[in-house]
Amino acid sequence: QINLETLAPSGKKLPDQYLKANLMESNVSKITSKLESSLNTESTIEEAVSAYKLYNGILGPNETKEFSLRIWMHSDVTANDKDSMNAIYNGRISVITSYAFTTLVDTLILLPKVTEGEGLYEVTHNDTNITYTEDETAINNLKQTEYRFAGTNPNNYVNFNNELWRIIGLVNTPEGSRVKLIRNESIGKFSWDTSESSINNGFGINEWSVSKMMHLLNNGPYYNRTSGVCYNGQNNATISCDFSNTGLTTSTKEMIDQVTWNTGSNDGMTFTDDNINTNSFYSLERSNNIGKICSSGTYCNDKVIRNTIWSGKVGLMYPSDYGYATSGGTTTNRTTCLNEILSNWGNENLYECKDNDWLYKENYQWALTPFASSNGASDVFRMSSGGPVGHNSVHRDRDSYPTIYLKTDIKIESGEGTENNPYNLRA
């Protein structure tokens with residue numbers, strides 16, 4: 001809160017009511033008004049005889065605001081107002097602050113945006129083709145401007161579930177914008193899915209709603225913070241797994257929003273595995289393409305119905321999340337990286353795309369998005385150790401990074417978003 005507080009001068013005092021004040025912020029007027037009773041507020045300076053509130057606002061984390069103030073005698077003052085002659089006005093500006101728990105959504109909106117280097121970028125989808133639904137509200141929500149962190153190591157750290165997670169950004173869902181988080185470390189190498197040998201040759205099924213990984217993350221040992229059995233190979237191969245110290249806590253689960261996750265696929269014809277850039281992935285993920293286009297054969301004999309949406313709490317990142325997280329470099333800039341086919345990111349001339357992408361890891365990471373092929377029905381997309389996006393049969397054991405959307409009212413209690421001082425959240 002910015003106050004103008006009147007002090008008693010050593011000589012004749014100019015009455016406050018003869019004055020007008022104009023407060024500007026970055027050349028935008030916040031108030032232009034006579035100093036009248038409607039602006040009266042409690043003074044904070046001991047010797048002040050009156051105080052006027054000029055502005056009340058919010059200063060976001062790491063944010064700077066600059067104001068300028070003009071004070072003059074307004075035009076209603078005439079020569080008949082004898083008490084204005086040879087009088088003095090003496091005043092001070094006071095800035096009163098209090099700590100406010102701002103939501104993480106508001107913080108990301110307020111943070112400065114960048115156009116190069118590390119930081120928070122605007123991403124627009126106005127021309128994106130959303131085909132999975134005809135619901136105008138959902139389509140418009142998925143086309144809104146997003147804010148995504150990009151670069152080698154941006155300040156997007158949060159203390160979540162008593163461990164480090166990172167903010168992908170303020171990302172669109174069919175229900176609206178949500179803050180999307182991903183665990184900083186893998187929970188282990190597990191199968192996305194697997195199956196008995198008589199179904200798809202034991203390679204598993206690329207339908208998220210019935211997958212072994214979905215159950216692990218949403219109603220299995222990880223979600224319930226217990227130990228149990230996890231899958232890691234063809235023909236329903238299993239291993240013991242223990243999440244009694246690393247699974248989701250009760251308070252953490254209360255912060256996670258249940259939203260609609262889009263699980264659209266490539267079409268296997270126009271878009272195969274080697275001609276999809278980041279923006280195209282965003283559209284395909286939100287398309288009505290299902291992950292199964294084959295109709296028979298040893299690797300395509302499951303009877304599972306494919307879906308293009310799933311309602312739940314814990315998923316995996318999309319290939320487009322990985323793509324939008326690059327800032328590019330000096331030779332290959334961000335725009336070039338986003339327009340480049342993601343399967344080419346391992347090429348020597350495109351190393352700056354992955355090297356300046358905080359989601360890149362030197363391992364194989366599962367994505368949520370199924371891969372459609374005429375050869376089988378058990379592949380999904382994944383990020384590889386060399387940088388490109390490719391696909392694997394779901395029975396493979398790959399690193400798994402749980403990904404969630406926060407409820408919109410989650411607030412920042414403290415922290416600056418750095419690795420050493422991450423945001424601490426509260427419901």
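Which residues does Asn200 touch, not counting residues up to four places away in sequence? With contact taken as heavy atoms within 4.5 Å, Asn200 touches Ile205, Thr298, Tyr299, Cys300, Asn301, Asp302, Ala377 and Ser378. The model is predicted, and local features need pLDDT of at least 70, side-chain atom pairs count only at pLDDT 80 or more, and totals for chains, interfaces and linings use all residues. Residues are numbered from 1 along each chain as its sequence is written, and side-chain values use heavy atoms, with hydrogens and water left out.

Asn200 is placed in the loop between β12 (189-191) and α3 (212-218), where helices (H or I, at least four residues) and strands (E, at least two) are DSSP runs numbered from the N terminus. Asn200 counts as buried because its relative accessibility is 0%, the term buried meaning under 20% relative accessible area, with exposed over 50% and partly exposed in between (1.4 Å probe, protein chains only). A polar atom of the Asn200 side chain lies 3.0 Å from the backbone oxygen of Gly204. Between Asn200 and Asp76 the C-alpha to C-alpha distance is 87 Å, at a separation of 124 residues in sequence.

Asn3, in strand β1 (residues 2-7), likewise counts as buried, because its relative accessibility is 0%. The side chains of Asn3 and Gln1 are joined by a polar contact of 2.9 Å, that is, a pair of N or O atoms within 3.5 Å, of which, within protein, one must be able to donate a hydrogen and the other to accept it, and residues adjacent in sequence count only if both atoms are side-chain atoms. Beyond four places in sequence, the residues that Asn3 touches include Thr41, Tyr52 and Arg92.

Strands β2 (residues 19-25) and β3 (residues 28-34) pair in the antiparallel sense over 6 bridges, pairing being assigned if DSSP finds at least two bridges between two strands. Met24 has Ser29 as its bridge partner in β3. The two strands β2 and β3 form a hairpin with 2 residues between them, and Ser26 in the turn has a positive phi of about 50°.

Among the residues lining the second largest pocket, α8 (334-339) and β7 (119-123) each supply at least two, and α8 gives the most, with 4 residues. The lining divides into 5 nonpolar, 13 polar and 4 charged residues, where Ala, Val, Leu, Ile, Met, Phe, Trp, Tyr, Cys and Pro count as nonpolar, Asp, Glu, Lys and Arg as charged, and the others, Gly among them, as polar. A pocket is here an open set of points on a 1 Å grid over the protein atoms alone, where a 1.4 Å probe fits, with protein on both sides within 12 Å along at least five of seven lines, and lining residues have an atom within 4 Å of a point.
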